[in-house]
Every structure is written in structure tokens, then in C-alpha cells.
Amino acid sequence: QRKICLEYAEQRGITIKKEFGGTHESAKNEGEMYRKMIAEVAKDKEINIILVYSFDRFSRAGNEAIMTKAYLKTKGVYELVEACRDIPNINVRLIGPVTDVVKNDLLSIASSGDWLHFIGMLPMEGVIKEMSSCSAFVLPTYTEGFPNVILESMACGCPIITTPVGAIPEMLQVGSDNSCGVCVEPTNVIQLKDAIEELLAD
């Protein structure tokens, strides 16, 4: 992972000033490592790029649908659909791979699928276009590290509703006068629905 980041930086003339992470990382100290990184970057005004390596492992065997379902469930997609189904005139666009199993689950929760759209995979240009034109980016995730998608949403000027997990509170400066988003508790459908309705009404 380090090698790939170094090669990426070298190809683009980026100077590496600090490195975070390593073989000592574990699920227990991951959040602490990210908080330390944010604090260090905030102090150093010469740093204007953060390179993050991430890789999601999906099984290629027969249990792929189960792995994908478990992955999407931890992103809060099921709660998102449940929260939105009773909001009038809502239009939800899900970007990314969705198996038939997950799609059927979500359509069942949605009751009526007229407002729920499965966009599928898009190139980065397509993702940016979607983010730039939407009313809100919603990521009600259960667990995260340092999600690049939050940075991308901020760069697109997209209002953000998410959860206070991993480095997200620091990334959005939640609780400060310059907060860049709204956080709700993971799995809390009522809070999520209220936040979406409030943002859409603003």
C-alpha cells in the first residue's frame, strides 16, 4: 500500500511530508491513528493533499451476494431507504454495484420503487456530476476510517448527512462554527429521516 502511494506521488510530482499507518494498525487503534493524522495536517499549512490507500475485499466465490449485502448493510443503505420511504417527493439515487438480492431487499423496504433509483457503477466524472447536482449526499455508515467519499462530497459543495464514526467528525468539523455536515447516530432511522427532511426544507 505504501509503495503504491509513493509511486502515485512520484508520478505527479507530489512531495511526501508525513506518513501515517503501518503494520501496527489494528481495528482498536485505527480511529486514534486517523485523529492524529487530521491533527497533524491541520497544524501544517504546507500540506494540501492527503493520499489514502483503500481496498475493499469482496469474495469471488458463491457467497459474493452475501458479502456485498453485508458490506452495503454496514454503509447504512437499508436504513437510508427505510428513512426515505415516507418522505414526500424524495428521489434517491444509489451509486455503486448492487446485487439482485440486495436490490430486491431494498425495493421491498421502499414499498414503491418509483423514487428509488439504482445507478450502478460510474466513472469518477459521473460520480462528480451526481454529487454536484444532488440536494444531499447521505452516508449513514456504521463504521469508517477516513472515507474519501466525504472529501469528494465536500469538494463538490454537496450538503452531507452522515454518522460520527472514524475520522468523519474531524473531517466535517462537527460541533464547530464551520461544520461542513450533519451527523446522526448509526442505525437510527428516525434521526436520519429528520435530518434529511430538515436539509431538504432548508
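Five residues touch the most other members of the largest nonpolar core: Val92, Leu106, Trp115, Leu116 and Ile196. That core has 24 residues. A nonpolar core here is a set of buried Ala, Val, Leu, Ile, Met, Phe, Trp, Tyr and Cys residues joined through side-chain atoms within 4.5 Å. Buried means under 20% relative accessible area with a 1.4 Å probe, protein chains only. The model is predicted: local features need pLDDT of at least 70, side-chain atom pairs count only at pLDDT 80 or more, and totals for chains, interfaces and linings use all residues. Residues are numbered from 1 along each chain as its sequence is written, and side-chain values use heavy atoms, without hydrogens and water.

- Helix 4 gives the largest share, 6 residues.
- Ile196 touches Leu80, Cys84, Ile87, Ile90, Val138 and Ile161 (heavy atoms within 4.5 Å), leaving out residues up to four places away in sequence.
- A second, separate core has 13 residues, including Val127, Phe137, Leu139 and Val165.

**Helix 4 against helix 5**
- Helix 4 (residues 77-84) packs on helix 5 (residues 100-110) at about 25°, with axes 8 Å apart; axes are lines fitted to C-alpha atoms over the stretch in contact, and angles run from 0 to 180 degrees between N-to-C directions.
- The two helices are therefore roughly parallel (angles under 35 degrees).
- Helix 4 contributes Val77, Tyr78, Val81 and Glu82 to the contact, and helix 5 contributes Val102, Asp105, Leu106, Ile109 and Ala110.

Note on methods
Helices (H or I, at least four residues) and strands (E, at least two) are DSSP runs, numbered from the N terminus. Angles under 35 degrees count as roughly parallel, over 145 as roughly antiparallel, 65 to 115 as roughly perpendicular and the rest as oblique. Buried means under 20% relative accessible area, exposed over 50%, partly exposed in between (1.4 Å probe, protein chains only).
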